[in-house]
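Work through the exercises below with the sequence and the structure open beside you. Try each task on your own before you read the solution that follows.

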Amino acid sequence: MSQILIADDDPGIVRLLKLLVERQGFLVDTARDGREAIEKIENGSYVLMLLDLQMPRFNGFDVIAHLREQSKRPVVLVVTALPASQLSKLDPAVVHAVIRKPFDVELLAAIISSTTGMLDRATSVLGAGADRPALPN
């Protein structure tokens with residue numbers, strides 16, 4: 001079963017995202033800050049990550065910088081309330097999409113389902129041991 005990492009310091013957002021993702025049949029792991037997210041990425045195997053940009057210790061930009069150096073990384077969906085002017089710093093090679101807070105729950109569910117569906121189809125076509133193909137941004 002596919003595992004998804006939610007990295008956000010707001011407990012209410014984490015509960016909502018976790019419920020949303022679990023309802024779609026995925027295993028969920030959570031991180032309260034960027035440092036914990038990086039540790040979990042290094043020790044886990046996640047197909048998708050929902051990442052807030054404003055977190056303590058290491059922020060979401062730090063996590064993205066770390067992921068840029070990794071050959072295997074989850075698909076990253078940024079969930080943020082930051083203004084668009086600050087989002088231009090995001091690396092499109094790492095970040096698949098940006099979802100603005102406050103977000104529409106049904107739209108976010110559709111994006112997660114669509115993204116993980118693409119990954120599942122790619123895995124079944126390429127074989128279970130194959131690397132995940134790059135997704136267009």
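**Exercise 1. The chain as a whole**

Find how many helices and strands there are in the chain, and state which pattern the chain follows along the sequence.

Solution. Keep in mind that this is a predicted model. Counting the elements gives five helices and five strands, and reading them in sequence order gives the pattern β-α-β-α-β-α-β-α-β-α. Next consider burial: of the 137 residues, 43% count as buried. Finally, take the contacts with a separation of 6 or more, of which 60% are accounted for by residues 24 or more positions apart.

**Exercise 2. The nonpolar cores**

Determine which residues of the largest nonpolar core touch the most other members, and which elements each supply at least two residues of this core.

Solution. The largest nonpolar core has 21 residues, and those that touch the most other members are M49, L51, V63 and I64. At least two residues of this core come from each of strand 1 (3-7), helix 2, strand 3 (48-51), helix 3 and strand 4 (75-80). A separate second core has 19 residues, among them I4, V14, F26 and V79.

**Exercise 3. Helix 2 and helix 3**

Decide whether helix 2 and helix 3 are roughly parallel or roughly antiparallel to each other.

Solution. Two packed helices are described by the angle between their axes and by the distance between the axes. The axes of helix 2 (residues 34-43) and helix 3 (residues 60-68) come within 9 Å and cross at roughly 25 degrees. Angles under 35 degrees count as roughly parallel, and helix 2 and helix 3 are therefore roughly parallel to each other. The crossing in which helix 2 passes helix 3 is right-handed. On the side of helix 2, the residues that meet helix 3 are G34, A37, I38, I41 and E42, and their partners in helix 3 are D62, V63, H66 and L67. Sorted by class, this contact has five nonpolar, two polar and two charged residues.

Technical notes. Residues are numbered from 1 along each chain as its sequence is written. This is a predicted model: local features need pLDDT of at least 70, side-chain atom pairs count only at pLDDT 80 or more; totals for chains, interfaces and linings use all residues. Side-chain values use heavy atoms; hydrogens and water are left out. Axes are lines fitted to C-alpha atoms, for helices over the stretch in contact, and angles run from 0 to 180 degrees between N-to-C directions. Helices (H or I, at least four residues) and strands (E, at least two) are DSSP runs, numbered from the N terminus. Angles under 35 degrees count as roughly parallel, over 145 as roughly antiparallel, 65 to 115 as roughly perpendicular and the rest as oblique. A crossing is left-handed if the near helix is turned anticlockwise from the far one by less than a right angle, and right-handed if clockwise. Contact means heavy atoms within 4.5 Å. Ala, Val, Leu, Ile, Met, Phe, Trp, Tyr, Cys and Pro count as nonpolar, Asp, Glu, Lys and Arg as charged, and the others, Gly among them, as polar. A nonpolar core is a set of buried Ala, Val, Leu, Ile, Met, Phe, Trp, Tyr and Cys residues joined through side-chain atoms within 4.5 Å. Buried means under 20% relative accessible area, exposed over 50%, partly exposed in between (1.4 Å probe, protein chains only).
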